[in-house]
Amino acid sequence: MTALDTAFAASAVLAVLGGLLAVVTRHVVHAALWLVVALLGVAGALLVLGAELVALVLVLVYVGAVVVLVLFALMLTRAPAGPDLAHAVGPWRAVGAGLLGLASAGLLASVLVPLADGSVDRAQVTTTQVAGELFGTWVWPFELLSLLLLAALVGALAVARGHRSRDPKAVP
Amino acid sequence: MIHLLGPYLLAAVLVGLGVAGVAVRRNAVLLLVGVELVLSGGLVLLVTTQAAGADRWAAGSVLPLFVVTVAAAEVVVALAVVLAAFRARGSIDLDAPATAQDAP
């Protein structure tokens, strides 16, 4: 058990606890905030594995943008401040979802754990190398990504505006 | 030195939690929380392959960046759809049966 193992275990425990609470909590706003904790744990785990750039991007994009967007959507859909009783599920649904999650995790673990044959060094990929590959080998997928973001932006705007613009006389 | 068991187990548990979250939620916005957890499990796996040595063209660092960007785009479009559905139906309950006025 090296120091890196310990640091990884701490981040992993944070991630799993945050994810568990994000899934089971009744408070909708708390679910989004526990997702922040889970993603910070994942970012810490990625940091230990040697991918500093990915960890930073994860925090910037997920915590900075996605979770804020989810919080805004919760406000716009009039989420209650307390427990969300309107969307409460029965015990059988909860048990079934838990079993489904356990089955998925068990299936993945049964495939992955036999591959875990020993310890590895922390990855030594510098940000300069990543940038060189990103704008060399991966430049066309990267450019395509900008097109995807533009399409998502325009599409989200068009969908969220609804039909009002098409028929100005209709009562919204 | 990091033993590979940790990252693999973390990825499996995160994906399991995400799948359970997708299955258990009736609030359409909170469904996305489960999707984000599944994607973060995938990120952990991608970065682990980089540390495990099977890494060409810095794919273990570049592909997670792509995954994060695609996930952000997906969340934007999904939330726009949820808001449009909330405006049309007045509810974002995923279990609610479709009514006649929902049909286009």
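**View 1. Residues 6–24 of chain B, end to end.** The end C-alpha atoms of residues 6–24 of chain B sit 27 Å apart, and the span is 100% helix and 0% strand. Helices here are DSSP runs of H or I with at least four residues, strands are runs of E with at least two, and both are numbered from the N terminus. This is a predicted model, so local features need pLDDT of at least 70 and side-chain atom pairs count only at pLDDT 80 or more, while totals for chains, interfaces and linings use all residues. Residues are numbered from 1 along each chain as its sequence is written, with chains lettered from A and ligands numbered from 1 in the order in which they are written.

**View 2. The annotated spans of chain B.** An unreviewed UniProt entry lists "transmembrane region" for residues 6–24, 29–51 and 63–86 of chain B. Positions follow the numbering used here, feature names are shortened, and such annotations may be inferred rather than shown by experiment. Take residues 29–51 of chain B: 100% helix, 0% strand, with 34 Å between the end C-alpha atoms.

**View 3. Chain B as a whole.** Chain B has 3 helices and 1 strand, and from the N terminus the order is β-α-α-α. With a radius of gyration of 18 Å, well over the 13 Å that the globule rule gives for 104 residues, chain B is more spread out than a compact globule. (That radius is taken over C-alpha atoms, and the rule is 2.2 Å times the number of residues to the power 0.38.) The C-alpha trace of chain B spans about 60 × 25 × 15 Å along its principal axes. Even so, 55% of the 104 residues in chain B are buried, meaning 20 or more other C-beta atoms, placed from the backbone, lie within 10 Å of the residue's own.

**View 4. Where chain B meets chain A.** The contact draws 66 residues from chain B and 81 residues from chain A; residues touch if their C-beta atoms, placed from the backbone, lie within 7 Å. On the chain B side, strand 1 (2–3), helix 1 (5–24), helix 2 (28–51) and helix 3 (59–89) each give two or more residues. Helix 3 of chain B supplies the largest share, 22 residues. By class, that side has 49 nonpolar, 13 polar and 4 charged residues. Nonpolar takes in Ala, Val, Leu, Ile, Met, Phe, Trp, Tyr, Cys and Pro, charged is Asp, Glu, Lys and Arg, and the others, Gly among them, are polar.

**View 5. A strand pair across the two chains.** Strand 1 of chain A (residues 119–120) pairs with strand 1 of chain B in the antiparallel sense, over 2 bridges. Pairing takes at least two DSSP bridges between the strands. Look for B:His3 in strand 1 of chain B, the bridge partner of A:Ser119.

View 6. Chain A holds 6 helices and 1 strand, in the pattern α-α-α-α-β-α-α along the sequence. Its radius of gyration is 21 Å, well over the 16 Å that the globule rule gives for 172 residues, so chain A too is more spread out than a compact globule. Of those 172 residues, 30% count as buried. An automatic or database domain assignment divides chain A into domain 1 (1–80) and domain 2 (124–162), with C-alpha centres 22 Å apart. The unreviewed UniProt entry puts "transmembrane region" on several stretches of chain A, including residues 97–116; that stretch is 80% helix and 0% strand, with its end C-alpha atoms 28 Å apart.

Terms used: A residue is buried if 20 or more other C-beta atoms lie within 10 Å of its own, exposed if 12 or fewer, and partly exposed in between; C-beta atoms are placed from the backbone. Two residues are in contact if their C-beta atoms, placed from the backbone, lie within 7 Å.
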